[in-house]
Each structure stands twice: as structure tokens, then as C-alpha cells.
Amino acid sequence: MIWDKRTPMSLPQIESALQGSVTYEQESKLVAQIIHIFENKKTNPDRDEEDAPVFPSSTGFTKTDSMVMSTIGGLSKSSHQDGKIQSFIHDNKLALYSLFFKLLALNREQEIEGVSNSDLDYSYGYYLSWILDNYQNSEAERFFESQMQFYQSLRPDDFRRKQLLEAYCAEVFATSASDFKRRERLLGVGLTLVRALGDERRLAALLPSLQFRLQQLGYANAGLALGDFIIAKSREIGAELWQAKAYSNNGYIYVNEADYEKAVNSYRQALQIYSSYNHKRNQQFIYERLAVSYILMGDFAWAEECLQAFNRISNTFRPEQETLYWMIQGLLRQELGEYEQARKSFEKSHSLAIAWDDKLNEGIALANLGHNYQAIGELELSLDNHTKALKVARVEGSPSFVTEKYLNLIEICAATGTFDRAQAYADTASRKLREFSFGRLRQKSQLKIGRFWLELARYEDAEKTLAEALAGFEEVHDLTGQIDALNLLGEIYRKQGNFRKAHQVLMKAKGLGKTSGRRSSYWQTLFSSARVLASQGRIDEAESHFRQAIAEIAAIQEDLKRESDKASFLQNIQPVFEEMVLLQLRMGNERAAFAYSEQGRAQVLKVLLSAAAGNDSSASQRTDEAAPDLVAAVQAGLDTDSRALHYEVTEDSLVVWVISKDKFETEVLPTSRAEIEKLVADFKGQVSVDSIRILSRADVSYERIRTILADLHGKLVAPLLRHLGAQQLFIVADEALHHLPFAALIDSSGQFLIKKYAIAYAQSSEILARDLLHMGRPANTSVLAVAGPDQSVAAAAVETVAGLYPQRRAVLPDQATKANVLRLLEDAPEVILFAVHAAADVTRPGNSHLQLTPVAGDSLSGATGFLRALHIRELNLQPTDLVYLSACESATGRLYRGEGIISLQRSLRVAGSNSVIANLWVVEEKKTRDVTVGFFQLWSKGGLSKSTALRQAQLATIDSLEKDPLFMPHPYFWAAPVLTGVPN
């Protein structure tokens, strides 16, 4: 490997090497030496940006230059011009800055040549003095003075070298950023001249080019260190514009490192400097970068503000700016769930990139189109665009860009089930990673590929790839990377049954984890070690390691800020709680097993519900010592006819805790995760719109779904019947079971479960205990009922429901604008009905929405009338007892293991509603109306609980279907509504 032969090099050696024709491997060696120099603080390399230097002849001034000099002449001839001078300086600061250095060069050239400029009213020296006297920027004036001294010190031969340096700088800045080899050769020559002349200005200008190259090769820390050096050096000499460049480059690196807050801070510091110079082009660039950062942070309002600011700066775009603008518009629309608009934006960006032959952005646009199609489930189109992106990447020529496209294709091929192609791409990417060096990007890519091989049980390939990644991480002293590679190697050896070797590598990872103090990888080491110890029968040691892993996890969760990050993290750590549950059961500790199952449940939602209730307590971190309290809390809310069923899905078995008023019992059922996922997926397929056609009595789909539901009952409920004998079930579901309406399960007598039980749901047993404490509230008297656009059937239902309450507000489609509905919600009615269209976004659940009546301009995103989940959760619905969403897919969305489904239903609970009834799939309008109206007619009388009223309304619909000569009581028509929250 190239790292093994790395020896320190001086900056002149690097410069000399850069002047020659170098291979990518040699470039990587050079970068390695540069990093070594930085780490040891011996000397400093460089990189560039775009302020293309011009070394004009006396006739080489631009129109702007001529205008500025003419205005200076006019201001100088008139008296009492202070106000005009200040205004002129303010409006032309950047032009004056650029003109100053052109004049400085020409003035020194005339002095050396002994030529006077008699054709001009004023000499170059006069304009220089005027700018220096009036510029109104102390930092720049200090810089101007130092540069005047520098130019005066140049002897004739040095001045010729300075002219040559400017020519090389112009070539560097004019060369495409993707033409790495040419840029680096030119940069090497430029650096040689900089060193010879001691030109601090050009040093500060060229350094950002190297900073950007370091970032491309994956050396984020070295790039940031160089950025800090550029900022310090620029401050020292007063070169503010290059200081801004370094801030901008730092922001770019922070984005790639997912440290978005630091990225925003860096970009804003750059923006402040560019704004002070009226540098409109770079202001636009920074606003683009800020928009990307805010999109990645999930702050779409600020992203939109940045794009609007971009437009305000100038009415005209350079081609590359317009390309990036549409790219970012596409990213924003995609994040907002407006996939069609996103597609059009990406296509616009793609066509612009082709027009000005920008292969890099052409490939990025194609990849974005691929991701956009992937988000809406168009996997074939996604694969096609990712494949096109790879072709462009090959033409563009950057090995890192090509390899990134291979990694994209591995992901999408795996998603489409074309594992042969995925393996082929992984093999090619592995060869690319061995052929070229991309610094830490190389090792991070190897981790991805090694993990993919591990999932496919290609242990030999996985071990080889991960061993290479480990060696690379060791070479650059990346402790986190080493721990990640060792953890995966440990998992390979564990799956192969080589527990001794697994223990060895995990002990090494554990030692590194203690040294680094980085919990993000350390908890995985503890978890992997616990699994190995459990496999060896060392139960007490395994339990100790599980406990330590869970303690590390708890500390990490405290530091996570965004809800999506917390939910994703909870999903990733579910195997820890799952295996701790199984270990506790193995040890005979049933209550401890239940406590650890609960600890892995809905941790984010628990915090949000506590905040909605005005309680600052965080999500419970219960251990076995606290388990009796939770069991007792659930039991306290149950009556003798109620049972709570808490499910835990594991790889090979299903664990269920049955809680009654006076009992706590555990059942371990021989049903695997794979069996449950298949059956639930089959059920979902049978209630999808594509599967529902005529549904006559002869329709085979009805018999098919009955078979599925009977099988599910046999696996989920039948083994528990001896514990039940009740009238009310509270289901605490897990994983795929969240998608399943237990009411539709069919028992051994052929009856739906709803015929025996009223059913309600909770995301965790702790949340259930809280909900049960609110039982027995007085009857509700006020209702807000809303009918959405294109909902004639819903409008009639809304008027019927509203008529059941003494205090009522029926909002028909013509009044159901978002502004009007939000205003009415401020009154926090006790009961709310939405009979509207809705849609779930499983990729970005915050974009799931209720469709209200559109009014132009009522939505930031332009999708007028959308009341999104991310906005609903910000409402204050604390006094509201029930929200009924008679709307499609309002109870479904993105499923996170452990956390549950992120949906419209959940957002309403976070907003404070006591309970929510919502639909699991796209529903049939008339039967949905029957269930909805039937529920309110029963519940509004005050004699029934919500769960019982919903059950009876569903039974009435079943009864009507059974009497219908054409149709059967298919669950599609009646089983979609589910109740979560307070059941009474």
C-alpha cells in the first residue's frame, strides 16, 4: 500500500512533483505528505478559488474598470462630494478592490520600464492613492498598503516572475475544478513562484485549491486545519476575500461531515464578508450552500428563504449558477415530498449541465433523479438514472465520483432484489478502491462494501475488504474507523462460529473505544462482545456487556437533537434490546425482559408526549428494578375484562407479555420475524387499491385474505386465548405488526376478532399506562367537523356528525382552506373530525398531509392546501379528547423499529390530542362514511367508550356487507380505522 512507504517531504518537493505529470496514486502520496507537514506544523501548502487574476496591459481594462476610473476623475474635480464618494465606494467596493491590483501592477510596470502615461488625465499612481484614501475598509487599506510595499520591493527580474505567477494563477482559476491533473500541475508551478517571491497575497489565494482537493480525497481534518490556517493568514495580511473563501470551503467540508450547524456558521461568516464587498456572485453561491445545509437539517423554511435571497441578488444567472439553483430547488421539493416538481427541477439542472458541458453536475443531476424515483418506489427508473450517472462519471474521469456511483448502484440493485448486479458493482467498486486512494473516503466506502458482503454471507470477501479498511484507518489514526472495521470483523467471525477470533478483535476494538471516548462505535463493540459471550455460554459476562452497551446508548440519545436522528438511532439499536430480552428470558427474569423490551420502545414519542402534557421528564430508561412499577401502572388502569398484549418480535421467536388486572404472564411463541413480515406484507397487498376490484362473493381475493388472517390469528392470538377471556384488548405492537388491524384476524370458528373484542392500540406499555390514567373523562360537547375538497360524501357526513353536538362548527369544502381551519383549531375543540383526502409519505413522514381546499400562495412549498404532519405537531390540541381522521393512510407512514409508525395520527397525539382514530390504508369513501358516522352516533350519546363505539360501528358495517347479495365483508371496507390513545 502507498501508505507503507510514506516519508516526510518538504513543500518545495511537493511543488516540484505537482509540476510534472502525476498519476492519481502519486497525487495521493503527495496529499499524504501534505497532511504530514500540517500535522507537524513545518510548512504549509495551498489551493484556489475563482478570483481569476488579470495582469492587463494599459489597454486591457474592462468596461467596469473604465467606468470606475472615469467616476473617480469626476469626483476628484468637484467639491463637496463626500456623500457621493461614500455611496460610490459602497456600490463598487469589489470593482475598486479588483482595479487596485491591476493599477498596482501597471504602475510598477511603468516605473520599471521608465514609461509615463501622458494619455490619461491622471496617472495610475493617482488612482491608487485615491482608492487607498477613500476605500472605507481598514482591513483592506492595510492590505493595500502592504501590497504597495511588496510591489515596490520587486526588482525587474522579480517583477517578470510576478507576471508569470499571475498568468499561472489565471490558468488555475480558469481550469475546471474536475480537471484535477491540470489544476494540480498549474498549482505546483504557481507555488514555486510564490515561494520564490514571498507573495503572501497569492499564497492566500492559491491555498484554498489544495483545501478543496484535501476534502475531495476524504481528508476532512487536514482540510479544516488548512482552512483555519488560511483564515489566520488572511487576517494577518488583511486579505478578507480569501478569508471568506476559507470559511466557504470549511462549510463545504462540514456539510460532508454532517455537521450542519458548523457548516451554517461558516457559510454565514463567508456571506458577511462577501456582502460587505457587494460580491453578488459569491453571495449567490453562499446562499445556495446555505440552502443545501438547511435542507439537510430539515429546516425547509430557511432553505426557501435562502433560495429567495439568491433570486433577489440578481435577475440573471451564470450557467453554472442556474444549474446549481435548479439542483437545490429539486432537493428542497424532494424533501417536501413534491416529487413531480423535484423531478422537473432535476431535469432542468441536467439539461443545463449538458448545455455547458459540466459532466460533474450532469452526473449529480442524474443521481438525484435516481434518488427521487427511488423515493416514490419507481425502482426501475431509479436504476436507469443511476446507471446513466455512472456512464457520465466515467467520462468525467474522477475515480472518487465513479466509485460513489458504483456505491449508489449497489444500494438500488439490492433494493430491487437484483443481487447479482449488486454483487458485480460491489466487486468493481472494490477494485476501484484498491486501484486508487481517496483517503478516508476509501476506507468509508470499504466499510459499506464489507458490510454488504457480510449481509450476503460472502465472509471471505467481507473479511478481505474490511481488513484493507482497517489498515487504512490505522495508517491515518482514525480510531472510530478502526472500531467500526473491527466490529464488523468480529461479526464475521461470530457468524462463522470462530468465537475465539471474534473475541480477540472485539477486545482490541474495546480498548480503542475506551481510548477514543467515542460512544458512537463503542456501544456496538460492547453489543458484539455480549453476543459472542452469550454464544459461548458466558451468561453473566454477556449480561454485563449488554448493560454497558445500553448505558452508552442512553448517553448518545441524550446528545441527539433532531427527532429523525433519534428515531433512526433507536431503530439501529433495537437488536441490543431484542437480545437483552432473550438473554433475560434465558435467565428466567421475565419482568426484567419486559422492562428491556419497553426501554427500546417509542423513546422519542414518550418525550414528545410528556412535553405536550407539560411534563419535562424524558423517556423512561427502565431496568429490571423498575419493571414492577410499570406493570403495576398498567394493571391499575385495567378492569377485569381488559387485557394488554405487549409484543416483541425477534429473529426466531415472538415474545408476548399478557397483563391483566392481577396477572403478568409471558409467552414465547415459535414465530419468526420473517414469517410475520411475510404474512403482514401479504395482508397489506390484499387491502391495496390495486388488489381491490369488484370484490363480489366469487372474488378469490376474499378467500385469500381470510386464509392470511386466520394464519395470523393462529400465530399471534390463538396461543394466548387461555390468558384472555376478556372484552377489551390493548395491543402494544412491534415492528411489522404496527401495520396490522388485529380486529380483522379470524379465529378458529371463522369469526373476525372484532366480534369478540373491542381493540385499541398503544406504541408502548408506558404510554398505555398514561392513557389508562385518563379514563372516565366527562362527555364532550364541542365539535369541529371539516370536509375537504372533492368530498361530496364527506360533506354530508360532516353535517350529520356536527348535528350530534350542542356546540358545533361544520366546515364545508368551500371554507376548508388551511388558513381558516388553522384559525378554528386555535379554539381547541374537544372533538375534531377531518373527512378529507390524505397521503402518507413513507420516505419523509413529516410531509404526510391532509388535503384542505387550495388557495394560491397559502403554503411555503407551493403545494397549496397541504396541512403537513410536521406542522400539525406544532398545534396546541391539549384540550382535545379525540381527533377522527376519516382520511386515507392517516395511520400509516414510515415504520421505525422500536419507535413505531411516524404518521399523521402520531402528529396529532404529539400536538396534545387525547386519542386519535385514523385509517391504515386507502379507503372506500361510502363505507368509510358509514363507519365514521356510526361511530359518532354511538359515542356522542356518552354511554360507550371510544373503542366500543368503534367496534359496534365496524360490526354494523360487517353486518350490512354480509346481508348484501353481491359483496362479502372484506376487511378493506371496515377494518382500516384504528384507535390509539385514551379509549374511554
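**View A. Arg201 over the ring of Phe101.** Arg201 lies over the face of Phe101, at 3.7 Å from the ring centre, where a charge sits over a ring if NZ of Lys or CZ of Arg is within 6 Å of the ring centre and within 35 degrees of the ring normal. This is a predicted model, in which local features need pLDDT of at least 70 and side-chain atom pairs count only at pLDDT 80 or more, while totals for chains, interfaces and linings use all residues. Residues are numbered from 1 along each chain as its sequence is written, and side-chain values use heavy atoms, with hydrogens and water left out.

**View B. The aromatic pair of Phe100 and Phe144.** The two rings are stacked, at 4.0 Å centre to centre and with 20° between the planes; rings of Phe, Tyr and Trp (its six-membered ring) pair if their centres lie within 6.5 Å, and planes under 30 degrees apart count as stacked, over 60 as edge-to-face and the rest as tilted. Phe100 lies in helix H5 and Phe144 in helix H7 (residues 138-153), so the pair ties together parts that are 44 residues apart in sequence. Phe100 is buried, with a relative accessible area of 0%, the term buried meaning under 20% relative accessible area, exposed over 50% and partly exposed in between (1.4 Å probe, protein chains only).

**View C. The aromatic pair of Phe88 and Trp130.** This pair is edge-to-face, with 6.1 Å centre to centre and 65° between the planes. Phe88 is buried at 8% relative accessibility, and Trp130 is likewise buried, with a relative accessible area of 7%.

Definitions and conventions:
Helices (H or I, at least four residues) and strands (E, at least two) are DSSP runs, numbered from the N terminus.
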